[in-house]
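Please open the structure in your viewer and keep the selection tool at hand.

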Amino acid sequence: MAIKDRWSSKSKLLLFGFISIIFYLFFTSSTIHAQTLRFVSWGDTKSGTSTLSAESNQAKALNPKFTIYAGDLVSSWSIPAIEAWVVAVNGGNNNGMRDITFPVRGNHDSGASQADWSNYFNQAQTAARVGATNYSELTKDLTYSFDWGNSHFVGIDVIGDVTRMSSAQIAWLDNDLTAAESRGLTHAFLYWHGPIYALAEHCCPAAPSALISVLNKHPIVSATFQGHEHVTAYTHINSSRIPAVTHEFEEFVTGDAGAGPDTCQSGRFDYCMTNETRAHGFVTVDVSGAAFTVNFYKLGTTSPQKTMTFSKSGLTPTKTPTPTPKPTIPTKIPGDLDKDGDVDIFDYNLLIENFGSTSCGNVADIDGNCKVDIFDYNTLVENFGKTG
Amino acid sequence: MDKRDSNLLLVLLSSAVLLISTFIFTSAVQKEPKIRFGKASENVVTKELVSGFPLIPEYPASYLENSYKQEDGTSVRYVGNWLTSDSVPQVEMWYKEELVDSGWVIDNLPADENDEQIQYLVAKKAELTLQLSIIRGKAQNLTQIIAEFPPQINEDES
């Protein structure tokens with residue numbers, strides 16, 4: 001009986017140890033795979049550096065992994081002006097926020113050359129510092145992207161409203177999002193200066209059709225963050241906002257880290273903290289799996305004014321294999337002008353290049369009427385993003 | 001004429017009516033298009049530069065596909081499209097030198113000047129800003145050179 005009891009104690013000990021190891025492994029792997037991310041979105045300070053300084057300390061207390069900043073750091077680029085911004089973004093007390101901030105230029109920063117900008121911002125170093133991966137650039141420190149956890153971030157140098165986005169930036173964005181999708185990521189968060197859908201004082205330059213086509217093509221796009229307009233606001237972007245939109249996404253304008261507050265226009269927003277509070281502000285975004293939660297903060301108040309949670313269920317992209325070269329096949333999708341099995345930005349460019357041509361047999365003459373015209377354009381746009 | 005012949009005749013007649021209707025409809029639509037490409041004030045000019053297009057060096061081994069001018073209120077935007085069979089880095093290197101020789105100041109250079117797919121540079125001269133996009137198309141092994149002049153920035157804009 002005594003022997004039996006001793007074996008029983010040993011067994012219990014072993015069982016306890018085994019269960020402890022299982023629990024340890026389970027929780028460790030959960031932590032690794034379900035990395036939660038908090039980042040801050042803000043922008044537009046100009047001469048309002050005391051506001052930026054106060055917002056920095058408020059945001060720092062929320063412990064973000066990093067921040068994205070949508071342009072107009074200064075009123076007009078000069079060394080004293082950018083030095084004042086650096087002090088302010090560090091909260092006036094070197095709180096370290098500058099070291100985790102990814103800015104892009106706005107129209108008021110246009111006096112900074114690429115070299116001037118790179119003297120102050122080395123985005124690749126910031127990416128390494130915050131633990132981001134897959135850093136990539138189109139232009140050094142100006143237009144760039146990186147991954148963090150299951151999310152992809154793209155900052156584009158657009159000095160003013162969204163119509164200033166170039167053909168190269170749009171084509172690069174398309175390639176960059178395709179690559180992010182092939183890595184199996186869940187979200188893409190895009191940021192630059194001028195909103196895709198203006199909702200306040202810069203109303204309403206139309207976004208380039210090619211940009212909307214690229215956004216439609218990529219289900220990984222979850223939300224965009226812009227400034228230019230000095231409000232803190234949100235709009236759900238669908239075809240009632242922009243008729244050409246087929247892939248819906250969320251747009252946040254976080255352009256009041258000192259430059260505002262201005263006023264959102266009636267009928268053009270779903271939520272406008274600035275109209276409610278008449279205060280400066282910023283947002284935090286918490287990403288957890290397929291969901292992300294956005295908290296709107298006004299300056300000086302520690303609890304959020306508004307909290308919104310979005311889920312991407314049903315929109316999560318499937319991991320696509322690396323494309324392998326395939327033989328040229330006859331066009332199956334109307335609009336696949338380069339016959340590579342999909343209708344993409346390259347087909348769009350081919351059509352624009354040939355628009356107005358009246359020669360029979362032109363590659364962009366989809367309906368075969370010997371004219372590259374609006375009917376061909378409409379056919380291509382209808383099929384944009386389709387693959388054969 | 002038996003029943004089979006009359007059915008065949010009916011089918012032939014219906015097809016003829018359908019074809020003629022389609023032809024009339026297509027002609028009418030082509031004469032009076034209900035939808036225009038782009039904005040109302042946008043004009044596409046093929047094989048030549050649209051009037052007022054700013055003077056820039058043109059890549060020698062390229063041909064102009066089209067150009068256009070967009071007017072939106074008081075702002076004007078010019079776009080020109082050229083094609084060449086030369087590589088993206090070749091084109092970028094040429095423009096980098098020629099633009100400087102023509103008095104332009106290079107503002108942004110590509111992050112990787114050896115990139116074979118997409119390169120982007122920005123140059124300024126007086127009040128003009130040139131956005132030069134150089135993109136390798138997947139079709140026909142051609143490189144597209146797109147020169148864009150966005151509307152001028154008003155520094156006082158809020």
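**Stop 1: Chain B**

Begin by selecting chain B, which exposes about 9200 Å², with carbon and sulfur atoms supplying 56% of that area. Please bear in mind throughout that this is a predicted model. Of the 158 residues in chain B, 37% are buried. Consider next the contacts in chain B between residues at least 6 apart in sequence: 48% of them join residues at least 24 apart.

**Stop 2: Chain A**

Now select chain A, which has 10 helices and 14 strands. This chain comprises 388 residues, and buried residues make up 56% of them. Chain A exposes about 15600 Å², and 56% of this comes from carbon and sulfur atoms. For contacts in chain A between residues at least 6 apart in sequence, the share that joins residues at least 24 apart is 70%.

**Stop 3: Helix α3 of chain A**

Select residues 79-89 of chain A, which form helix α3. Which residues of this helix are buried? They are Ile82(A), Trp85(A), Val86(A), Ala88(A) and Val89(A). These residues lie on the same side of α3(A), because they cover an arc of only 165 degrees around the axis. On the other side of α3(A), Ile79(A) and Pro80(A) are exposed. To see what the buried residues of α3(A) pack against, display β1 (37-42), α2 (49-60), β2 (66-69), β3 (101-103) and α4 (114-120) of chain A.

**Stop 4: Two pairs of helices**

Two packed helices are described by the angle between their axes and the distance between the axes.

Show the side chains where they meet: Thr49(A), Leu52(A), Ser53(A) and Ser56(A) belong to α2(A), while Ala84(A), Trp85(A), Ala88(A) and Val89(A) belong to α3(A). The residues of this contact comprise 5 nonpolar, 3 polar and no charged.

Next, select α6 (residues 167-182) and α7 (residues 209-217) of chain A, whose axes come within 10 Å and cross at roughly 5 degrees. This crossing angle makes α6(A) roughly parallel to α7(A). From α6(A), Ile170(A), Leu173(A), Asp174(A) and Leu177(A) meet Ala210(A), Leu211(A), Val214(A), Leu215(A) and Lys217(A) of α7(A). In this contact of α6(A) with α7(A), 7 residues are nonpolar, none is polar and 2 are charged.

**Stop 5: Backbone details in the loops of chain A**

Most residues other than glycine have a negative phi, and most peptide bonds are trans.

Select Asn63(A) in the loop between α2 and β2 of chain A. Its phi is positive, at about 60 degrees, although Asn63(A) is not a glycine. Asn63(A) counts as exposed because its relative accessibility is 63%.

Proceed to Asn94(A) in the loop between α3 and β3 of chain A. Asn94(A) also has a positive phi, near 50 degrees. Its relative accessibility is 68%, so Asn94(A) counts as exposed.

Then select Cys203(A) and Cys204(A), which are joined by a cis peptide bond with omega near 0 degrees. Cys204(A) is situated in the loop between β7 (187-191) and α7 of chain A.

Finally, select Gly260(A) and Pro261(A), where the peptide bond is cis and omega is about 0 degrees. Pro261(A) lies in the loop between β10 (249-254) and β11 (271-272) of chain A.

Note on methods
Residues numbered from 1 in each chain as written. Chains lettered and ligands numbered in written order. Predicted model: local features only at pLDDT ≥ 70, side-chain atom pairs only at ≥ 80, totals over all residues. Heavy atoms only, no water. Buried < 20%, exposed > 50% of the residue type's maximum accessible area, 1.4 Å probe, protein only. Contact = heavy atoms within 4.5 Å. Areas by Shrake-Rupley, 256 points an atom, 1.4 Å probe, with all protein chains shown as cover. Axes fitted to C-alpha atoms, helices over the stretch in contact; angles between N-to-C directions. Helix = DSSP H or I, 4+ residues; strand = E, 2+ residues; numbered from the N terminus. Parallel < 35°, antiparallel > 145°, perpendicular 65-115°, else oblique. Nonpolar A, V, L, I, M, F, W, Y, C, P; charged D, E, K, R; others polar. Arc of directions from axis to C-beta.
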